[in-house]
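Me: Got a model open here and want a quick walk through it. Can we start with the side-chain contacts?

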Amino acid sequence: MQAAPVRATAIPSVTDALRAVESLLMSSGQRTARRNAWTSVLEDRRRAKDRVETQLVLEQSLTSHS
């Protein structure tokens, strides 16, 4: 029995496929704007998470001093 051949090239990810379609459909400026917008969304989410964590720490410190 022979072993199956090993693939030399990686299978593209869904992200890679979406970026390829995006590059075909959008101009360069639109791609840049879209990526910048997504980066802003991710940064806003990170800041919101930090705010919640800070709020919890402050509340815990106030209740421990009471």
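Me: What do the side chains of R47 and E43 form?
Reply: The side chains of R47 and E43 form a salt bridge, at 3.6 Å from N to O. A salt bridge here is a side-chain nitrogen of Lys or Arg within 4 Å of a carboxyl oxygen of Asp or Glu. Keep in mind that this is a predicted model: local features need pLDDT of at least 70, side-chain atom pairs count only at pLDDT 80 or more, and totals for chains, interfaces and linings use all residues. Residues are numbered from 1 along each chain as its sequence is written, and side-chain values use heavy atoms, with hydrogens and water left out.

Me: Where do R47 and E43 lie?
Reply: Both are in helix α2, residues 28–65. They sit four residues apart, about one turn of the helix. Helices are DSSP runs (H or I, at least four residues), as are strands (E, at least two), numbered from the N terminus.

Me: How many salt bridges does the structure hold?
Reply: Five. One of them joins D50 and R46, at 2.6 Å from N to O. D50 and R46 are four residues apart in helix α2, so about one helical turn separates them. D50 has 31% relative accessible area and R46 has 41%, so both count as partly exposed.

Me: Which residues are linked in a network?
Reply: E43, D44, R46, R47 and D50 are linked by salt bridges.

Me: And K49, what does its side chain meet?
Reply: K49 meets E53 in a salt bridge, 3.8 Å from N to O. Both are in helix α2, four residues apart, about one turn of the helix. K49 counts as exposed because its relative accessibility is 54%. E53 is partly exposed at 41%.

Me: Switching topic. How many helices and strands does the chain have?
Reply: Two helices and zero strands.

Me: At what angle do α1 and α2 pack?
Reply: About 135°, with their axes 9 Å apart. Axes are lines fitted to C-alpha atoms, for helices over the stretch in contact, and angles run from 0 to 180 degrees between N-to-C directions.

Me: What does that make α1 and α2 to each other?
Reply: Oblique. Under 35 degrees counts as roughly parallel, over 145 as roughly antiparallel, 65 to 115 as roughly perpendicular, and the rest as oblique.

Me: Which residues meet there?
Reply: R19, E22 and S23 in α1 meet R31, R34 and R35 in α2. Contact means heavy atoms within 4.5 Å.

Me: Which residues make the nonpolar surface patch?
Reply: V21, L24 and L25 make the patch, about 360 Å². V21 is in helix α1, residues 14–25. V21 is partly exposed, at 44% relative accessibility. Patch residues have over 30% relative accessible area and no salt bridge; like charges are joined within 9 Å, nonpolar side chains (Val, Leu, Ile, Met, Phe, Trp, Tyr) within 5 Å.

Me: Last one. How much of the chain counts as buried?
Reply: 3% of the 66 residues.

Technical notes: Areas by Shrake-Rupley, 256 points an atom, 1.4 Å probe, with all protein chains shown as cover. Buried < 20%, exposed > 50% of the residue type's maximum accessible area, 1.4 Å probe, protein only.
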